[in-house]
Amino acid sequence: MGNWIINHGLTSFILVVWMGINIFLFVWFYLFYDLGDQFFYTRHLLGSALAWARAPAAVLNFNCMLILLPVCRNLLSLIRGSFVCCGRTMRKQLDKNLSFHKLVAYMIALMTAVHMIAHLLNVEWYNNSRQGVYDKLSTALSNLEDTENTTYLNPIRKTDIDKQQIPTYFVFTTIAGLTGVIITLALILIITSSMEVIRRSYFEVFWYTHHLFIIFFAGLVFHGAGRIVRSQQKTDPPHNFTYCKDRIEDWGRIPECPIPQFAGGFPQTWMWVIGPMILYLCERLLRFIRYMQRVSYRRIVMRPSKVLELQLVKNGFKMEVGQYVFLNCPAISQLEWHPFTMTSAPEEDFFSVHIRSAGDWTDKLIDIMQQLPEGAQGPKMGVDGPFGTASEDVFDYEVSMLVGAGIGVTPFASILKSIWYKFKDSNPKLRTRKIYFYWLCRETHAFEWFTDLLQVLEREMEERGMGDFLTYKLYLTKWNESDATHVRVHSDEDTDVVTGLRQKTYYGRPAWDKEFEQVRKENPTSVVGTFLCGPEALAKVLEKKCAKYSDVDPRKTKFYFNKENF
């Protein structure tokens, strides 16, 4: 339990608060509409479906207010910088912004379904009351018209068409109905295109359909203007429904029962979402300004395994280790922006990214770069960022475990380069005293572009008598018979046959229990930061190991898990 609190306590507290607010809003508004005297006559027409429609609407307002905030990247980077004094636990919450964004989206989808079903029932019951299917009171309430002395309760006003077509006509001709249909369709497209299989295989579909959020929010702002849910208004003399509900024929004839007056509620959704919408508009404006700033190419290199390295220069650009940028290439698409972790160090006068072939956009970019003449500038490139990630905190730990899978090694390239510069400049602010680096790859060629940096670090550490500072292990997770034969023939050589490094390559996957046990044994009183840039399956494994091998005793080893999220 202590280990769980260390790694998940604050996250769980935030989720409990969020869920508590959702439950409170649902229950409060459910009781408000289910027990409120002003909705007595409305409930007589609609029953409990009134409360079941309005309670989810309140929860939707709250979550629609939240949904844009986790994707305001510049705002999160600003907050991350402000939380430097608040400790790593608080900053870690910002790295889970996309997980929270998805959680809020699931709540919006659930509440939308409940809200929509309840209102479909409401429309049907409004129509039945208008047709006189129910009791005399329902018919009398539905027949109230807008005149000098009366206001209507039943929003279905048209009765001169086929009875079966009235609900459909109402849905597609009223502000509330039409915007509700548009909002629901937009939400369905956004959510279905966000599924992992579509996002991974057809990123362009995910990207374009996600921008339907503009239509979603526009419809949301106007949705309440229809005011189809109406409540009884105060009159002079007052209309006492407990006395008058059984005296319909006396309405307007005796002082105790004036004709009841009704009005729709004031639209409130816009008040919930206007703030986040303005923040997001500022976010997009800042992105556009950055897009217009000139970016020049310092170097374009094709690495093995179809990995493209771009070294770029931009005036006023400042970065920290492990940060990422969004790139846009108008020659491929004016609208698509893709995130890439920077592999350069803050000490360098340029910033670089390594781009692996992983879809249509990256394939087109690599093809364009391969066709360029030697030394030529590439196509116009828009750069938005840099943005903070969990890897920024790597130097806050005395001991760090860095785990990269495939191209997921990129943030650690930045970290290791920065370490080299810090040693070269004898930087006294470097508090990190030990780094364990693990890189898992499926192909031998993938190691090639990164081994140069490791060779330089090997030499640097030996020359300074700090050979134990960096412990690295490279794992080849897939190989064929010819690879195995080649390794056996050259197994007695001093350097590794695959990478050329002194550290030999391991075959298979790491035995994580053994690795964590060794780290804990070598650092019995340290706080160890475990950083991963890799698949979710590996993240679950490492997160469990961090909890398993952390000691509750504050004087002993603790592991903190951090994962890159884009």
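**Figure 1. Surroundings of Lys-563 in the predicted model.** Lys-563 touches Ala-390, Leu-532, Gly-534, Pro-535, Glu-536 and Ala-539, leaving aside residues up to four places away in sequence; a contact means heavy atoms within 4.5 Å. This is a predicted model in which local features need pLDDT of at least 70 and side-chain atom pairs count only at pLDDT 80 or more, while totals for chains, interfaces and linings use all residues. Residues are numbered from 1 along each chain as its sequence is written, and side-chain values use heavy atoms, with hydrogens and water left out. Lys-563 belongs to strand S14 (residues 558-563); helices (H or I, at least four residues) and strands (E, at least two) are DSSP runs, numbered from the N terminus. The residue is buried but has no salt bridge, and Glu-536, the nearest side chain of opposite charge, is 4.1 Å away. Buried means under 20% relative accessible area, exposed over 50%, and partly exposed in between (1.4 Å probe, protein chains only). A salt bridge requires a side-chain nitrogen of Lys or Arg within 4 Å of a carboxyl oxygen of Asp or Glu. For charge, Lys and Arg count as positive and Asp and Glu as negative, whereas His and the chain ends are not counted. A polar atom of the Lys-563 side chain lies 3.5 Å from the backbone oxygen of Gly-534.

**Figure 2. Salt bridges around Arg-287 and Asp-384.** The side chains of Arg-287 and Asp-384 meet in a salt bridge, at 3.7 Å from N to O. This pair links distant parts of the chain, with Arg-287 in helix H14 (residues 269-292) and Asp-384 in strand S8 (residues 382-387), 97 residues apart. Arg-287 is buried at a relative accessible area of 10%, and Asp-384 is buried at 0%. Both residues belong to a network of salt bridges that links Arg-73, Glu-283, Arg-287, Arg-290 and Asp-384.

**Figure 3. The salt bridge between Arg-130 and Glu-145.** The closest N and O atoms of Arg-130 and Glu-145 are 3.5 Å apart, and the two residues form a salt bridge. Arg-130 lies in helix H6 (residues 97-130), and Glu-145 in the loop between helix H7 (136-142) and helix H8 (166-173); the pair, 15 residues apart, links distant parts of the chain. Arg-130 counts as buried at 11% relative accessibility, whereas Glu-145 is partly exposed at 39%.

Figure 4. Because Arg-199 and Glu-196 are 3 residues apart in helix H10, about one helical turn separates them. Arg-199 is buried, with a relative accessible area of 18%, while Glu-196 counts as partly exposed at 41%. In helix H11 (residues 203-210), the buried residues include Glu-204, Phe-206, Trp-207 and Thr-209. The cover over the buried residues of H11 includes helix H9 (175-192), helix H10 (196-201) and helix H15 (360-370).

**Figure 5. A nonpolar surface patch.** Met-19, Ile-23, Val-27, Leu-31 and Leu-35 make a nonpolar surface patch of about 440 Å². Patches are made of residues with over 30% relative accessible area and no salt bridge; like charges are joined within 9 Å, and nonpolar side chains (Val, Leu, Ile, Met, Phe, Trp, Tyr) within 5 Å. Leu-35 lies in helix H1 (residues 2-35) and is exposed, with a relative accessible area of 58%.

Methods:
Polar contact = N/O pair within 3.5 Å; in protein donor to acceptor, adjacent residues only side chain to side chain. Areas by Shrake-Rupley, 256 points an atom, 1.4 Å probe, with all protein chains shown as cover.
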